[in-house]
Amino acid sequence: MHAPIPVTVSESWLTIRSLFVQYVAPLWPGLALSGLVAGVSIELGKVAWLASHGLSALTIAIMLGIALGNTVFARMASHCGAGVAFSKQNLLRLGIVLYAFRLTFQDIGQVGMAGVTIDALMLTSTFALAMLLGTKVFKLDRHTAILIGAGSSICGAAAVMATEPVVRSRAEQVTVAVSTVVVFGTLAIFLYPLLYRFNLQWHLFDTSPSAFGIYAGSTIHEVAQVVAAARSVNQEAANTAVIAKMVRVMMLAPFLIILSAYLAREKKSGFRNLVAATQHSGKAGGRLAIPWFAFVFIAMVGLNSAALLPRDLVADAISLDTWLLAMAMAALGLTTHLSAIRRAGIKPLLLAMLLFAWLVIGGVAINCFVMALFG
C-alpha cells in the first residue's frame with residue numbers, strides 16, 4: 001500500500017482560490033450592480049410622497065432596473081450578466097422564503113373564517129378568470145396569462161416573481177405582468193378611498209372600517225398599495241386590511257404547489273402547448289418540479305408563528321428579505337428590453353384591466369355574500 005500523499009496548506013489554498021475564481025468571482029459584478037440598484041430603491045421607498053402613493057422599494061427597483069437595462073447595461077452585460085441572473089433566480093427564491101417572517105398563522109384568527117373564505121374565493125375566481133380571458137379571449141401565451149393572474153389574485157409583484165420559476169417564463173413576460181400590477185394597483189390607491197366615501201352616502205353595503213379593510217385586503221394587488229389605500233380611510237381599516245392581505249399572501253405557497261402539480265400532470269399527458277413552452281425554455285424532456293421554496297415558506301411561517309426566534313433576528317430577516325427581493329426586481333428590470341414589452345401589445349393590459357374590474361366589482365359581491373353567510 002502506498003502512503004497517502006499529504007496535501008499542503010498552499011495546495012488547499014490554491015484549490016479554494018480556483019473554486020472561487022471559477023464559481024464566485026464571476027457573480028460579484030452583477031451582484032454589486034443589483035445590490036446598488038436595490039439600495040437606492042429601498043432609500044427612495046422611504047420617501048413619504050412615494051410611499052403614500054404605494055410605490056414600494058420593489059416597484060422602484062424594477063423601474064430603475066428597466067431604465068438601466070435599456071441604456072447602459074448593454075455595455076456591462078458581459079461582466080455583470082452572471083451575477084444579475086443569480087440575483088433574478090436564486091436570490092428571488094431565498095427572498096420568498098424569508099418573506100414568511102412577515103406572517104403568522106395567528107393572522108388567520110384575526111379576520112376569522114369569513115376573511116379566509118373571501119380571500120380564497122377572490123384568489124380562485126380571479127386566477128380562473130385570468131386563464132379564461134387570457135388564453136381564450138385575448139389569445140395570450142399561457143405563461144403571460146398565468147403570471148398576470150398570479151399577480152392580480154395574490155400579492156402583486158412578489159407573486160409574479162414567485163410563479164416565474166414554476167412556469168419558467170421569459171423576462172419580458174414577467175415584466176409585463178409586474179407592470180400591470182403597478183398600473184392598476186396604483187389606481188386602486190386613489191379609487192378605493194373614493195368608493196368608501198361614496199358608500200357612506202349611498203349605504204350599498206357594510207360601511208364599517210373593518211369591513212372595508214377586509215374588502216381592500218382581499219382585492220388590492222400589493223401590500224404597500226393596500227396600506228396606502230386603507231390608511232386613507234382610517235387606522236382601523238388599515239390594520240384589518242393588512243391582516244386580510246397577509247392571509248391572502250399566505251395562500252401563495254399552496255397556490256404554487258397546486259399550479260406546479262397541475263402543469264407537471266398536463267405535461268405528462270402530452271399537451272402540445274406545455275411541451276412547446278418547456279422546449280422554448282431549453283429544458284425539453286425535463287420535469288416541472290414542485291417548488292421547494294414553497295414548502296420552506298410554509299415551514300418558516302410556522303416557525304414565526306411559534307415565536308421561538310428573537311424579535312431582533314426576525315426584524316433582521318425581514319430587512320434582508322427586502323434587500324433580496326429588491327435585488328431580484330432590479331435584476332429583472334436589467335434583463336428586460338422595452339422592445340419586447342412593446343411587442344406584447346395592448347392585450348396584457350386589457351386582461352389586467354378586466355381582472356381589476358372584477359377585483360373591484362366582483363370583490364364587493366363576494367365580500368357581501370360571505371359576510372351575510374357568516375352573519
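**A helical chain and its enclosed parts**

The buried residues of helix α10 are covered by elements that include α6, α9, α11, α12 and α18 (347–374). Here helices are DSSP runs of H or I with at least four residues and strands are runs of E with at least two, numbered from the N terminus, while buried means under 20% relative accessible area, exposed means over 50% and partly exposed lies in between, for a 1.4 Å probe and protein chains only. The model is predicted, with local features needing pLDDT of at least 70 and side-chain atom pairs counting only at pLDDT 80 or more, whereas totals for chains, interfaces and linings use all residues. Residues are numbered from 1 along each chain as its sequence is written, and side-chain values use heavy atoms, with hydrogens and water left out.

Because 10 of the 11 residues of α10 are buried, this helix is largely enclosed by the rest of the structure. Those buried residues of α10 are Pro209, Ala211, Phe212, Gly213, Ile214, Tyr215, Ala216, Gly217, Ser218 and Thr219. Helix α11 is likewise largely enclosed by the rest of the structure, because seven of its nine residues are buried. In α11 the buried residues are Val223, Gln225, Val226, Val227, Ala228, Ala229 and Ala230, and they pack against α3, α9, α10 and α12.

Seen as a whole, the protein chain has 18 helices and zero strands, and buried residues make up 50% of its 375 residues.

A pocket is an open set of points, on a 1 Å grid over the protein atoms alone, where a 1.4 Å probe fits and where protein lies on both sides within 12 Å along at least five of seven lines; its lining residues have an atom within 4 Å of a point. About 720 Å³ of space lies in the largest pocket, a volume being the space filled by probe spheres set on grid points that are joined across faces, edges and corners. Of the 27 residues that line the largest pocket, Ser56, Ala57, Arg102, Val223 and Ala224 are the closest to its centre. Two or more lining residues come from each of α2 (28–45), α3 (48–52), α4 (57–69), α11 (223–231), α12 and α16 (311–334). The lining comprises 17 nonpolar, six polar and four charged residues, where Ala, Val, Leu, Ile, Met, Phe, Trp, Tyr, Cys and Pro count as nonpolar, Asp, Glu, Lys and Arg as charged, and the others, Gly among them, as polar.

Helix α12 also takes part in a crossing of two helices. The axes of α7 (residues 142–155) and α12 (residues 235–250) come within 8 Å and cross at roughly 140°, which makes α7 oblique to α12. Axes are lines fitted to C-alpha atoms, for helices over the stretch in contact, with angles from 0 to 180 degrees between N-to-C directions; angles under 35 degrees count as roughly parallel, over 145 as roughly antiparallel, 65 to 115 as roughly perpendicular and the rest as oblique. Helix α7 makes the contact through Ser152, Ser153, Ile154 and Cys155, and α12 makes it through Lys245, Arg248 and Val249. These residues divide into three nonpolar, two polar and two charged.

Ser87 lies in helix α5 (residues 73–98) and counts as buried, at 0% relative accessibility; leaving aside neighbours within four places in sequence, Ser87 is in contact with Leu31, Ser34, Leu92, Met327, Ala328 and Ala331. Ala130, in helix α6 (residues 106–137), also counts as buried at 0% relative accessibility. With neighbours within four places in sequence again left aside, the contacts of Ala130 are Thr135, Ala145, Gly149, Leu351 and Leu355.

Thr207, in the loop between α9 (171–202) and α10 (209–219), is partly exposed, with a relative accessible area of 23%. Thr207 touches Tyr196, Asn199 and Leu200, not counting residues up to four places away in sequence. Most residues other than glycine have a negative phi. Arg168, however, has a positive phi, near 55°, in the loop between α8 (157–167) and α9, where Arg168 is partly exposed with a relative accessible area of 22%. The phi of Ala307 is also positive, near 55°; Ala307 sits in the loop between α15 (292–305) and α16 and counts as exposed, at 62% relative accessibility.

Terms used. Contact = heavy atoms within 4.5 Å.
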